[in-house]
Amino acid sequence: MRARLSITLALLAGLLHSTSAFAQIQLVPVATGLVNPVFVTGARDGTRRLFIVEQAGTIRVMPIDGGAMSLFLDIRSRVRSGGEQGLLGLAFHPSYSSNRRFFVYYTRAADGAIVIAEYAASAANPQAADATERVLLTIPHPSFSNHNGGMVAFGPDGYLYIGVGDGGSANDPPNNAQNRNVLLGKLLRIDVDGQSGSLPYAIPLSNPFFGLIDGRDEIFAYGLRNPWRFAFDRLTNQLWIADVGQGDREEVNTPIQHGGNYGWRVFEGSACTNVDRTLCVPSNYLFPVFEYNHTGGRCSITGGYVYRGSRNSLPAGLYVYGDFCSGEIFTWNGTAQQVVLDTSFSISSFGEDDAGEIYVVALNGVVSRIGGESGGGAACAPNVSPSQVIVSRAGQTAQISVTAPAGCGWTATSTVEWITFPSGATGAGSGTLMVSVAPRSGWLMPRVGLIIVAGSPIVVIQR
């Protein structure tokens, strides 16, 4: 028995040593009950609202500080939704507070083509949009349903940037990403305040392939696979693009060079794909500032934002991003990647509010704000008890009590697969966390697991 106890204590010491990676941030839920949310943003119009995009074709609006949610736009009849298709992006005009204009990115119901369209908020009711649509750009996407891209955002230059996927399937069969005469597999830039001939937008004269130069005028950079999410640093204006990888690597590119070729389909990250080895000449391409491979369940990067918020939820200047498959949230500090939270979410997107706070969008229906280790403020300091739970070999459900101020968000994570949270792993204010432990048979020695609740380690011993 003494030997068994010694082994158990050794295991426990190892688990306690590993908690630092899980106790960095908390998630504060701000919206629940959504249906496949894929993006959240503020309008930067001084009204302190969040606009949440749902994949099927709706946008919902709510106050940043909580309150009733209402339907802002419903274009489900125009949208083909499912898989990687749907209403995917939203951007508000820099002068939205006066002109009420905003822009959406969706896949068209009739044929799956990519549409960039303009709408306007109602003059009579700022909580709703007019139904009138003005289509700016249509990009054929005829062969496959995946790799649609989906991000639109205004740059510091006032132009609209558009991230378009390569058209789908493995290895980009038509070589769209390297073909400068098609818009697939590109970062585009257009002027929505102008008009050029028959086009309902103008081409910035500084676009790299404008005029007689070979290539579509709208292209700003190319060689991208599926730039699902990108963002401008609101302090430095630097653009960060997270490009979803294929079977091996996920990558982030920054800064984005005017006319830059980022390698796909010749390179996946910094690795030659062997589609055509004669093209694998590194000097012809630009490579990621960092990348990670598909280990530990990771498989699809979800790009985020450089933190510039005022709540001090994170150190200023960290790039925050995640992985859709593993549910991990990472930061990049310029030299190293760090896991700051391991969630059970399918992270579809990140977003920023008007004040620069970062939000996490979970495809399974929750939008949460990233808070600091104590929820983003000194007054938010959850107390968790007990510090140890003993459960039976047959498996059972235990309870953990969390005492916290109203609105103080907290998150629970488990370091082992046999401990789960049947009622969910996030909460706000005081509450009870349900902890479910799987039954076991055979080996007589107790097994020890560790959960992290609101940054506090809780030991779970199953006898």
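## Disulfides

The torsion about the S-S bond of Cys272 and Cys280 is about 65 degrees, so this disulfide is right-handed. The sulfur atoms of Cys272 and Cys280 lie 1.9 Å apart, where a disulfide is defined as a pair of cysteine sulfur atoms within 2.5 Å. Cys280 is buried at 18% relative accessible area, whereas Cys272, at 23%, is partly exposed. Here buried means under 20% relative accessible area, exposed over 50%, and partly exposed in between, with a 1.4 Å probe and protein chains only. The model is predicted: local features need pLDDT of at least 70, side-chain atom pairs count only at pLDDT 80 or more, and totals for chains, interfaces and linings use all residues. Residues are numbered from 1 along each chain as its sequence is written, and side-chain values use heavy atoms, with hydrogens and water left out.

The structure holds two disulfides. Cys299 and Cys325 form a disulfide with sulfur atoms 1.7 Å apart. This pair links distant parts of the chain, 26 residues apart: Cys299 sits in the loop between strand E19 (290-293) and strand E20 (301-306), and Cys325 in the loop between strand E21 (319-323) and strand E22 (328-332). Strands (E, at least two residues) and helices (H or I, at least four) are DSSP runs numbered from the N terminus. Cys299 is partly exposed at 29%, as is Cys325 at 36%.

## Cavity

On a 1 Å grid over the protein atoms alone, a cavity is a set of points where a 1.4 Å probe fits but cannot get out; a pocket is an open set with protein on both sides within 12 Å along at least five of seven lines, and lining residues have an atom within 4 Å of a point. There is one cavity of 30 Å³ or more.

The largest cavity has a volume of about 40 Å³. Its lining includes Arg225, Asp243, Glu251, Trp264 and Glu268. By class, this lining has three nonpolar, two polar and four charged residues.

The largest pocket holds about 490 Å³ of space. Of its 25 lining residues, Arg44, Phe92, Ala153, Phe154 and Glu352 are the closest to the centre. Strands E2 (37-41), E6 (87-92), E10 (151-154) and E14 (229-232) each supply at least two residues of the lining, and E10 gives the largest share, four residues. The lining of the largest pocket has 15 nonpolar, five polar and five charged residues.

The second largest pocket has a volume of about 390 Å³. Among its 19 lining residues, the closest to the centre are Gly83, Glu84, Trp228, Ser300 and Phe324.

Technical notes
Points joined across faces, edges and corners; volume = space filled by probe spheres on them. Nonpolar A, V, L, I, M, F, W, Y, C, P; charged D, E, K, R; others polar.
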